[in-house]
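Please read the following report beside the sequence and the coordinates.

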Amino acid sequence: MKHRKAAILGVGHVGAHVASALCMEGIVDELILIDTRPQKIISEAQDLNDALLYTSWSVNVHPGDFADLKDCDVLINAAGDIELLRGNEERSSELDFTIRAVHSFAPKIAKSGFKGVIINISNPCDVVTRALAKGCGLPYGHIFGTGTALDTSRLVGAISKKTGLARHSITAMMLGEHGNRQFAPKSVLSFQGAPLKAASLLAKDLDWKELEQEAIKGGWVTFAGKQCTEYGIAATAARLAEAVLRDEHLILPVSAPLSGEYGQYDLYAGVPAVIGRHGIEKVIVLPLNDEEKTEFLACCDAIRSNVEKADALVEQLNAKKKHSS
């Protein structure tokens, strides 16, 4: 069997929980922890290795550095600063920090010889994922973000509570920005293929906008009492890593590269995509109605606005670097 090797960059609240999920579910054989705080990754590795005796898996967890990425299959970027979200409900408030971080470590990833797949968690997810793609030089599709995958879980959960139906019997998804501008296309909703009307004996009338808002605000409900989000995003990232490592060809809505799909170019946004060994293998173009197409366009405009800010910051950083050299 192939040795499955992954690394996590940024071992804070989210990164540590992703590490735990990968280990406790036996998704990887070896896990490297990378962070700017040496003692943090030593301590996290110790804690995880202590726990592994009481699992059914054998996983080698250890601290590492960028040089260790050369033969990794998957790298999960969780570098961020959760403190920047306090007092507001806008993921783009992390933009300055995360784009600067990507600008500092993307060349190190490229220099390491890493040829695997990068899964980005850091916010604003769509913008940071694009910045990683620009900075790391990997082939098309080898970099994608968790995007609206977690938001989709929140939407499905809201529908499940309203209808009383099992989550796995519901097909629905959030699209567009992983942020406040995302939306839920009602035309995609089905219950194991049956449209809402066909399932009317099982479901009450659904206030679609209310359900959509519950999904959008779900992350902030979690954040309000914990000052972070951990379990949901960790499970999401671990599931995506598993799809890559097992070459599953799994379809989930993630932050994927758009090269003409939905009429968008040079942009990453939350859309359903086929995920396998090489990352994004195909973007699925949904038959959205006219109203949903307008919603999606508005989402992309919001993402592009933040992309322009990120690109301007990168230009400043490059100019500063050139001047100092």
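## Basis of the model

This is a predicted model, in which local features need pLDDT of at least 70, side-chain atom pairs count only at pLDDT 80 or more, and totals for chains, interfaces and linings use all residues. Residues are numbered from 1 along each chain as its sequence is written, and side-chain values use heavy atoms, with hydrogens and water left out.

## Helix H3

Helix H3, residues 95-112, has 18 residues and reaches 25 Å from its first C-alpha to its last, close to the 26 Å expected, where the expected span is 1.5 Å times one less than the number of residues. Helices (H or I, at least four residues) and strands (E, at least two) are DSSP runs, numbered from the N terminus. A kink of about 35° lies at Phe105, shortly before Pro107, the bend being the angle between axes fitted to the seven residues ending there and the seven starting there.

Among the buried residues of H3 are Leu95, Val102, Phe105 and Ile109; buried means under 20% relative accessible area, with a 1.4 Å probe and protein chains only. Their cover includes strands S1, S4 and S5 and helices H4 and H8. After H3 comes Gly113, whose phi is positive, near 90°.

Asp126, found in helix H4, counts as buried because its relative accessibility is 2%. Its contacts (heavy atoms within 4.5 Å) include Glu177, His178, Tyr268 and Ile303, not counting residues up to four places away in sequence.

Ala238 lies in helix H7, residues 231-245, and is buried, with a relative accessible area of 0%. With the same exclusion of residues up to four places away in sequence, Ala238 touches Ala21, Leu22 and Ile27. Ala238 and Gly26 are 212 residues apart in sequence and 10 Å apart in space, C-alpha to C-alpha.

Terms used:
Buried means under 20% relative accessible area, exposed over 50%, partly exposed in between (1.4 Å probe, protein chains only).
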